[in-house]
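Good morning. Please look at the model on the screen.

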Amino acid sequence: MTDSPLRVAVIIGSTRAGRAGAEIGAWFAEHAARRDDLAVDVLDLAGYAFPSSYPERATPSMSRFTAAIGAADAFAVVTPEYNRSFPASLKQAVDYGYDEWRAKPVGFVAYGSGSTGFYAVEQLRTVFGALHAVTMCDWVGIDLLRNEIGGTGRPCDTDDVLRSVAAVLDQLSWWGRALRAARSAQPYVS
Ligand SMILES: Cc1cc2nc3c(=O)[nH]c(=O)nc-3n(C[C@H](O)[C@H](O)[C@H](O)COP(=O)(O)O)c2cc1C
């Protein structure tokens, strides 16, 4: 395996006006960027002017997004829970890629109001399974109602939260390196 930093894309899945997701994504990306084994890129879905319906040909914003996921070795998907699932904005973007996701690891940072985003994560595992991606067992779960958000809108760095952040990053790093080496030794099955 090479020692070059693993390119991790932190994908902010909510595009809702007034969303909590931007600060939560920035907080997680800052933790990831403190590690010298990872090179972090933030892909904020609110920054892509995606089309309102799936077009016949990829638009420039779709191509910019798929190029960014193609360049990444691993993903951290930051998702709220909406009605026991994940938001449509995230599904729209995930469905723009296929080869770009394959044989790469995906970790989750989930949050909700009253839940920690369990249903969103479990449903995303099914989606990423269809894309031949590997989902990380541990995940970060934040309940916005349980005082886990500080005044800045960022989660409080409690011991439990930091343990889950470290677990997700450790797993992404291990799987990311293993799969990067495997993809370079042999193309993933078609
Ligand atoms: C349409 C909608 C559905 C929601 N459903 C749930 C839910 O099922 N479980 C939950 O814990 N919180 C739910 N919430 C609360 C959100 O998790 C909370 O508003 C969070 O801030 C949304 O993320 P965002 O601000 O980044 O968009 C829902 C919020 C919205 C807008």
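A polar side-chain atom of Ser 115 is 3.0 Å from an oxygen atom of the ligand. I call that a polar contact, meaning a pair of N or O atoms within 3.5 Å. This is a predicted model, in which local features need pLDDT of at least 70, side-chain atom pairs count only at pLDDT 80 or more, and totals for chains, interfaces and linings use all residues. Residues are numbered from 1 along each chain as its sequence is written, and side-chain values use heavy atoms, with hydrogens and water left out.

In the side chain of Ser 14, an N or O atom lies 2.6 Å from an oxygen atom of the ligand. For Glu 81 it is a polar backbone atom, at 3.2 Å from a ligand oxygen. On its own the ligand has 610 Å² of accessible area (Shrake-Rupley method, 1.4 Å probe), and the protein covers 75% of that.

Now the cores. Which residues have the most contacts inside the largest nonpolar core? They are Ile 11, Phe 65, Trp 101 and Phe 128, in a core of 29 residues. A nonpolar core is a set of buried Ala, Val, Leu, Ile, Met, Phe, Trp, Tyr and Cys residues joined through side-chain atoms within 4.5 Å; buried means under 20% relative accessible area (1.4 Å probe, protein chains only). Helix α4, a DSSP run of H or I with at least four residues, gives the most to this core, with 5 residues.

A second, separate core has 22 residues, including Val 8 and Met 136.

Key:
A polar contact is a pair of N or O atoms within 3.5 Å; within protein, one must be able to donate a hydrogen and the other to accept it, and residues adjacent in sequence count only if both atoms are side-chain atoms. Buried means under 20% relative accessible area, exposed over 50%, partly exposed in between (1.4 Å probe, protein chains only). Helices (H or I, at least four residues) and strands (E, at least two) are DSSP runs, numbered from the N terminus.
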